[in-house]
Amino acid sequence: MTWFKRTEKGIQTPTELKKEVPDGLWYQCPECKKVMQTSAHVLNSYTCIECNYHARIGSKEYFELIFDDNQFTELDPTLSSSDPLEFTDSQAYPDRIKASQKKSGLKDAVRSAVGKMNGIEIVISCMDFKFIGGSMGSVVGEKISRAIDYSRKHKIPFLMISKSGGARMMEAGFSLMQMAKTSAKLALLDREKIPYISLMTDPTTGGVTASYAMLGDFNISEPGALIGFAGPRVIRETIGKDLPEGFQSAEFLLEHGFLDFLVDRKELKSKLTDLLIILKGKVTEVPQENIKA
Ligand SMILES: [Zn+2]
């Protein structure tokens with residue numbers, strides 16, 4: 001059984017020389033296979049011009065889509081993870097962090113920023129799936145908590161854009177603590193009557209769904225997003241039943257009351273603006289005598 005063994009040495013390509021397929025002029029939709037110009041896809045807010053499939057994008061693209069003229073100030077941009085458990089799987093956790101940082105150009109799986117959206121100030125924390133599957137570790141929890149503190153201090157609405165595989169297993173219990181920490185901070189935001197909108201994008205799962213993603217004054221989602229806690233196979237085996245059609249899709253969750261509405265990414269900025277104007281009107285502009293008991 002030696003026919004498949006590589007006998008010649010020195011013909012492996014080092015990882016840094018392996019080229020990703022460059023972003024070319026053309027983009028093919030993974031859903032309907034339609035080929036379109038990349039520029040048309042970008043102009044369409046990274047949604048398919050044929051079937052409206054919402055491609056997965058990161059904080060850079062969401063900030064571009066939402067902040068006026070892409071102007072914003074990033075909050076806590078340098079926070080980076082330590083290795084509280086001295087965890088090693090196929091590689092040591094600090095090495096994995098370093099490799100992810102190099103590959104993605106990000107410090108961790110969430111970025112927070114403050115800026116204006118159609119002239120309204122807003123704080124946004126947005127997760128990046130390309131950083132260890134958008135997993136929630138101590139840095140993610142801390143950055144979200146600090147973004148909420150910034151919202152509270154300056155009385156600015158908070159938008160969370162979730163995209164996550166759940167807790168970061170390399171930080172085990174420390175990851176799970178972030179659920180409690182962020183939820184407690186959101187409770188303070190709620191007490192101070194500052195709006196919190198949670199936008200779930202494909203995919204939002206695990207401990208993220210089970211904490212801050214579902215705690216919005218408005219819980220909204222992009223169409224077609226997978227949203228759930230455990231994977232379908234685990235649930236099927238636990239309850240011993242087949243799952244209904246479309247289970248864990250944004251549309252299914254909307255129908256069953258878990259979401260307030262779905263928002264097409266092309267309308268994201270205008271819908272969020274409308275929502276904040278309505279909320280602001282409720283809090284500050286309705287005279288007390290007009291409010292009936
Ligand atoms: Zn398509």
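Predicted model: local features only at pLDDT ≥ 70, side-chain atom pairs only at ≥ 80, totals over all residues.

Reader: What does the secondary structure of the protein chain come to?

Author: The protein chain has nine helices and nine strands. Seven strands form an open sheet with mixed pairing, in the order S3-S4-S5-S6-S7-S8-S9.

Reader: Why do strand S3 and strand S9 stand at the edges?

Author: Strand S3 (72-75) and strand S9 (261-262) each have a single partner strand, so one side of each is left without a neighbour in the sheet.

Reader: How do you know that S3 and strand S4 are joined?

Author: Two strands pair if there are at least two bridges between them. S3 and S4 (residues 110-117) have four bridges and run antiparallel, so they meet that cut-off. Phe72 stands opposite Gly115 in S4.

Reader: Which strands does helix H2 lie across?

Author: Helix H2 (residues 59-66) lies across S3, S4, strand S5 (120-127) and strand S6 (158-164). The helix runs at about 165 degrees to S5.

Reader: What makes Lys107 count as buried?

Author: A residue is buried if 20 or more other C-beta atoms lie within 10 Å of its own. Lys107 has 20 C-beta neighbours inside 10 Å, so Lys107 counts as buried. Lys107 is in the loop between helix H3 (93-104) and S4.

Reader: Which residues does Lys107 touch, not counting those up to four places away in sequence?

Author: Lys107 touches Pro77, Thr78, Leu79, Ser80 and Gln101. Thr78 is 29 residues from Lys107 along the chain, yet their C-alpha atoms are separated by 6.7 Å.

Notes. Residues numbered from 1 in each chain as written. Helix = DSSP H or I, 4+ residues; strand = E, 2+ residues; numbered from the N terminus. Contact = placed C-beta atoms within 7 Å. Axes fitted to C-alpha atoms, helices over the stretch in contact; angles between N-to-C directions. Buried ≥ 20, exposed ≤ 12 C-beta atoms within 10 Å, placed from the backbone.
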